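Colleague: I would like to learn how to read the features of a model like this one. Please take them in turn.

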2 protein chains.
Amino acid sequence: MTQEIEAEVRALGQRARQAQGQLLARDSGAKDRALRGMAELLRRDAEDIQRANRKDLRAAEAAGRDPAFIDRLRLDESRIEAMAKGLEQIATLPDPVGEISDLTYRPSGIQVGRMRMPLGVIAMIYESRPNVTADAAGLCVKSGNAVILRGGSESLHSNLAIAERLRAALGRAQLPLDLVQYLQTPDREAVGALIRMDDLVDVVIPRGGKGLLSRIRAEATVPVIMHLDGNCHVYVDRDADAAKALKIVVNAKTQRLGTCNTAESLLLHRDRVDDLLEPLTAALREKGVEIRACSESLPRIPGAVAATEEDFATEYLAAIISLKIVDDLDAAMAHIARYGSGHTESIVTENFTTARRFLREVDSSSVMVNASTRFADGFEYGLGAEIGISTNRLHVRGPVGLEGLTLQKWIVLGDGHIRS
Amino acid sequence: MTQEIEAEVRALGQRARQAQGQLLARDSGAKDRALRGMAELLRRDAEDIQRANRKDLRAAEAAGRDPAFIDRLRLDESRIEAMAKGLEQIATLPDPVGEISDLTYRPSGIQVGRMRMPLGVIAMIYESRPNVTADAAGLCVKSGNAVILRGGSESLHSNLAIAERLRAALGRAQLPLDLVQYLQTPDREAVGALIRMDDLVDVVIPRGGKGLLSRIRAEATVPVIMHLDGNCHVYVDRDADAAKALKIVVNAKTQRLGTCNTAESLLLHRDRVDDLLEPLTAALREKGVEIRACSESLPRIPGAVAATEEDFATEYLAAIISLKIVDDLDAAMAHIARYGSGHTESIVTENFTTARRFLREVDSSSVMVNASTRFADGFEYGLGAEIGISTNRLHVRGPVGLEGLTLQKWIVLGDGHIRS
């Protein structure tokens, strides 16, 4: 059985590899036609897709899944339209593949530069939201990659209905269908085979809950682009502007509670406890946020709970924030280095030198001055789209758009040049 | 015992992590002073280093190692001077750390850009050449990283003598000594622990023979930057200039036999067999190169040997080349995709369209037109130095210099901006 599954997954990988190689010879126009065709077929077949989605919804309801889960799973007309619009938006982005940069003459007479190339074959593993099927496929194809999709079993009918249209659109644009494949085998082992198939899969991108992400990180031998936690900090410095601090802390924590760029921890400079602790915590409590406070701040905050070590390391994804009073910038940065997840940190300060140090010395994928952590997002950064956010130390850090799905090779142009 | 070794390696990793964090706060000048100090101490203590080296040489001779091995191990005055000059050269290169690029205003009003940061802790695992100790340490420190060095046991005394001077120079420049550490534990297990210490080591860079490289690739869970093979191709196209083809093929194969960018396989367009097969193979044979020929070319080449499938996939690192007649550009590129190692490939052609297709569609770390594969080198490309060559599909491809040891994070500058 295991061997059968492995053979099936390998066959998928081989078809993906071959399709990706063929795509290298095709121009940007063909890819964009395919993306626009995908949008067209999703719209045309919206009813069929919703019918497939209803199967998934009924099964999820029968299984007693909670309303939030059911909502993420649901594909109504507006969500299908959003997928289509997303694909059309990707079609309008510049093609990163083949982009040549830094082409210069060297003393030897050769011209040396770099050309951007696809990574190869991407395995995309995700949970209930079926729109990831279209979003991920669009970004992978545009960036010249082949993708093997594997969504949650609860959304299988929805995902297959979408993937079928994506493949049909590739066919219409005369591109290889196997640029987009869906791994259907229900067995969990199939995912295990996929993420250890080093010779046929170049990178794994998981999207979903921490259970899925931890498993992928632990078991994959193929490189993984991901972030596990978004334990984001706002540090209100000694030289913070009070109004900015208030705006940013409230926005970073409460604008949306469940996103990875939401602030989970507030650090407050000791010299600003007297004037800022009360208004900051009052504003948060007014928004329904529970405060888990360090021993020093605890007695001064009505209704606050004592923070444990664990709290400072926790991504709540809920209306809770941890709070710590710190002595100075160094203490704030040491706290972030110790408890942070390398996702996004923001300082509120009017001090030029303090801001400059924070920007340089904080080693997170996004580092901000006087801005809400909620800005850490591919669209806000101008990437045009986002396949995920990476806290990796290698390849790509922060929001991952088309460029993150490519890598530069070197090109050399000569006129019969040889090395002496 | 195993636990003891693991604890020892972890302690090294923790010290490296801490030292690297401290380095983020230091400026370029301190790093450059340390590098120049390293050069100074290597020169000052050249005799002590040679004394330590003689211990290694005697042991290697007693163990009956071959002359090429002994030669790689030997540190004479000129090699110590070369190490010192290399460090001074690295000191003159621009500091990649903190470099800000693409800082632009977004419609939301925030300014978004990227800042280059060190990777973190690098494990450098290498074989007999002791100069790697200084070269790798210089590149890692300049790029803001900490390095854990592990050389071959045969060069232990030499490596330790060098590492001691490097650390002393860090101390003189008031930088943390643990930016450069040497893993001394003789057990092989220590390397195993090092390359699986995901939380404390960010990347492994191996340098050495295929035995070492294969082992690291198979066993590491930390990401590895490396190339296993350099099975480089020269394709002489239908529209090749005969004189350029001759020059390039001979140089690519024979300028140095043992380097990874040496050509190992020659592809010849069918239409040029009549005029080019004889002169190309005669020139190679004159340089003492054995030709392993495809069935079609074999009868036409005096002294040639029949090539097997294995030959086309082999990096000889010797005076041998495989040769295949191909029908056209597509056949040449298909052959490269099948047998190549993704290192370096060159086409000889005067045809603009053919050159353009080869550049775009060949998926190797260096792709060349009318130039010898021997140019694939960090110095020739203008990187100023090179820690290795990567055929990875992620992070960095081709020669790896200072930039390859860094990664861009995102920075956001605001004025109290929040997301709505």
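Colleague: Which residues of α7(B) are buried?

Modeller: First the ground rules. This is a predicted model, in which local features need pLDDT of at least 70 and side-chain atom pairs count only at pLDDT 80 or more, while totals for chains, interfaces and linings use all residues. Residues are numbered from 1 along each chain as its sequence is written, chains are lettered from A and ligands numbered from 1 in the order in which they are written, and side-chain values use heavy atoms, with hydrogens and water left out. Helices (H or I, at least four residues) and strands (E, at least two) are DSSP runs, numbered from the N terminus. Buried means under 20% relative accessible area, exposed over 50%, and partly exposed in between (1.4 Å probe, protein chains only). In α7(B) the buried residues are B:S158, B:N159, B:A161, B:I162, B:A163, B:R165, B:L166, B:A169 and B:L170.

Colleague: What span does α7(B) reach?

Modeller: The expected span of a helix is 1.5 Å times one less than its number of residues. Helix α7 (residues 156-172) of chain B has 17 residues and reaches 24 Å from first to last C-alpha, close to the 24 Å expected. Just after α7(B), B:Q174 takes a positive phi of about 55°.

Colleague: In what order do the strands of the four-stranded sheet in chain A run?

Modeller: Two strands pair if DSSP finds at least two bridges between them. The order is β5-β4-β3-β6 (chain A), an open sheet with parallel pairing. β5 (180-182) and β6 (203-207) of chain A are at the edges with a single partner strand each, so one side of each has no neighbour in the sheet. Strand β3 (residues 121-126) of chain A pairs with β6(A) over 5 bridges, and A:M124 stands opposite A:I205 in β6(A).

Colleague: Which helices lie across it?

Modeller: Angles run from 0 to 180 degrees between N-to-C directions, and axes are lines fitted to C-alpha atoms, for helices over the stretch in contact. Helix α1 (residues 2-23) of chain A lies across β3, β4 (146-150) and β5 of chain A, at about 150° to β4(A). Helix α9 (residues 210-219) of chain A lies across β3 and β6 of chain A, at about 165° to β6(A).

Colleague: Which strands of chain A and chain B pair with each other?

Modeller: Strand β16 (residues 406-417) of chain A and strand β13 (residues 366-371) of chain B pair in the parallel sense over 5 bridges. There, A:W410 has B:S366 of β13(B) as its bridge partner. They belong to an open sheet of 10 strands with mixed pairing.

Colleague: At what angle do α13(A) and α14(A) pack?

Modeller: Helix α13 (residues 329-339) and helix α14 (residues 352-361) of chain A pack at about 20°, with their axes 11 Å apart. They are therefore roughly parallel to each other; angles under 35 degrees count as roughly parallel, over 145 as roughly antiparallel, 65 to 115 as roughly perpendicular and the rest as oblique.

Colleague: Is A:P299 buried or exposed?

Modeller: A:P299 counts as exposed, at 69% relative accessibility. A:P299 is in the loop between β9 (290-293) and β10 (305-306) of chain A.

Conventions: Contact = heavy atoms within 4.5 Å.
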